[in-house]
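Here is a quick tour of a protein chain, taken one region at a time. Have the sequence and the model open as you read.

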Amino acid sequence: MYVGIDVGGTNLKAGLVDEAGRLLATRKIPLGPFQGKEYFVRRLAELTAQVSRDGGVAPGDLEYVGMGIPGAVAEGNILYTCNIPLANVPIERLFSQYLDVPVLLENDANCAAVGEYFCGAGRGTKNFAVVTLGTGIGGGFILGGKLYAASGMSGEVGHMVVERNGAVCNCGRRGCWETYASATGLIRMTKETMEGNRESLLWEESKGGTAVSGRTAFAAALRGDAAAKALCETYVDYLAAGIVNLLNILQPEVLAIGGGVSEAEDELLLTPLREIVDRESYAAHCGGKATVVKAELGNDAGIIGAALLKRAI
Ligand SMILES: [Zn+2]
């Protein structure tokens, strides 16, 4: 038995997972205000013990605890995180003060890739990629059945440039993929489109502009709004640019897209995306076809992947 923990910007989510990747128990607690490294790690240990007992397993009998961290990790330490103040936290050492269970750390997008690989969209493949469209764009690759995890920060696909001198990114570059193809990028482009289209249904779908979300463009496009339809096409075009880049480099058998935006209607997202992939990917010229699908595990991918980490490294 294993426990997987997904450390998010808002919540800590944990699950007790068995050998087959089944979630036997889950728990979620708010991250809360940061009160120091020791306190943070103690909460991780308490959460581990609780979810373990929920599933009828003594915490001491766990094989290990896997943790997905939104940032760079190496050798049991968190090196850097973008959104929570967790840099230089020696998790493994601190955790051992509370629970005598081995700890494995990995980047959260990599954990999601491992989860999908063993229990979701990547089952049965050898080479597999996951791209998560959220606040940013996360990526994780399984190559030859193993997680590609170099120097604790591989898979930062969101920061490949798709528009030279384009929109400014948090990383300091311009035109990074995630400034266009993440939910945040889509929301920015939606607001820009609304400015020039006062009559557009985008306004109605976003309560007069007060509630623009990653859904707004798709909702208005479904109702036939011309500006929204054009916006969705632009969005898919940016999304496809990065996806085709990844397919050309990695040649995975399957690439899965996850995150909130991926839940948009197929006719507006997956179908046009596949059309561009079939037209533009290198393999398409050789009669090959990469399969682009939706991820299957939703928010559980990170927990399950963290719990099954050892199998992929
Ligand atoms: Zn960037």
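## The sheet and its pairing

In this predicted model, glycine 68 has glutamate 106 in S7 as its bridge partner. The two strands involved, S4 (residues 64-69) and S7, run parallel to each other and share five bridges.

Zoom out and you'll see that they belong to an open sheet of five strands, ordered S3-S2-S1-S4-S7, with mixed pairing. At the edges sit strand S3 (23-30) and strand S7 (103-107), each pairing on one side only. Going from one strand to the next, the twist averages 15°.

## Helices on the sheet

Which strands does helix H1 touch? Helix H1 (residues 37-54) packs on the sheet against strand S1 (2-7), strand S2 (11-17), S3 and S4. Its direction makes about 145° with that of S3.

Helix H3 (residues 108-119) packs on the sheet as well, where it touches S1, S4 and S7. The angle between the directions of H3 and S7 is about 100°.

## The zinc site

Now for the metal. The zinc ion takes its protein donors from His159 (ND1), Cys169 (SG), Cys171 (SG) and Cys176 (SG), at 2.1 to 2.3 Å. Along the sequence, the spacing of these donor residues reads H-x9-C-x1-C-x4-C.

What is the geometry of the site? It's tetrahedral, with angles of 103 to 123° among the four donor atoms. For reference, the ideal angle for four tetrahedral donors is 109.5 degrees.

Are the cysteines buried or exposed? Cysteine 176 has a relative accessible area of 0%, so it counts as buried. Cysteine 171 comes in at 39% relative accessibility, so it is partly exposed, as that class covers values between the 20% limit for buried and the 50% limit for exposed.

Twelve residues from domain 1 and 17 residues from domain 2 take part in the contact.

## A look at serine 281

One last stop: serine 281, in the loop that links helix H9 (270-280) and strand S12 (291-294). Is this serine 281 buried or exposed? Its relative accessible area is 4%, under the 20% cut-off, so serine 281 is buried.

Which residues does serine 281 contact, leaving aside neighbours within four places in sequence? They are Val244, Asn248 and Ile276.

Key
Residues numbered from 1 in each chain as written. Predicted model: local features only at pLDDT ≥ 70, side-chain atom pairs only at ≥ 80, totals over all residues. Heavy atoms only, no water. Pairing = 2+ DSSP bridges. Helix = DSSP H or I, 4+ residues; strand = E, 2+ residues; numbered from the N terminus. Axes fitted to C-alpha atoms, helices over the stretch in contact; angles between N-to-C directions. Contact = heavy atoms within 4.5 Å. Donors = N, O, S within 2.8 Å, 3.2 Å for Na, K, Ca; no water. Tetrahedral: all angles 85-135°; square planar, octahedral: opposite > 155°, others 65-115°. Buried < 20%, exposed > 50% of the residue type's maximum accessible area, 1.4 Å probe, protein only.
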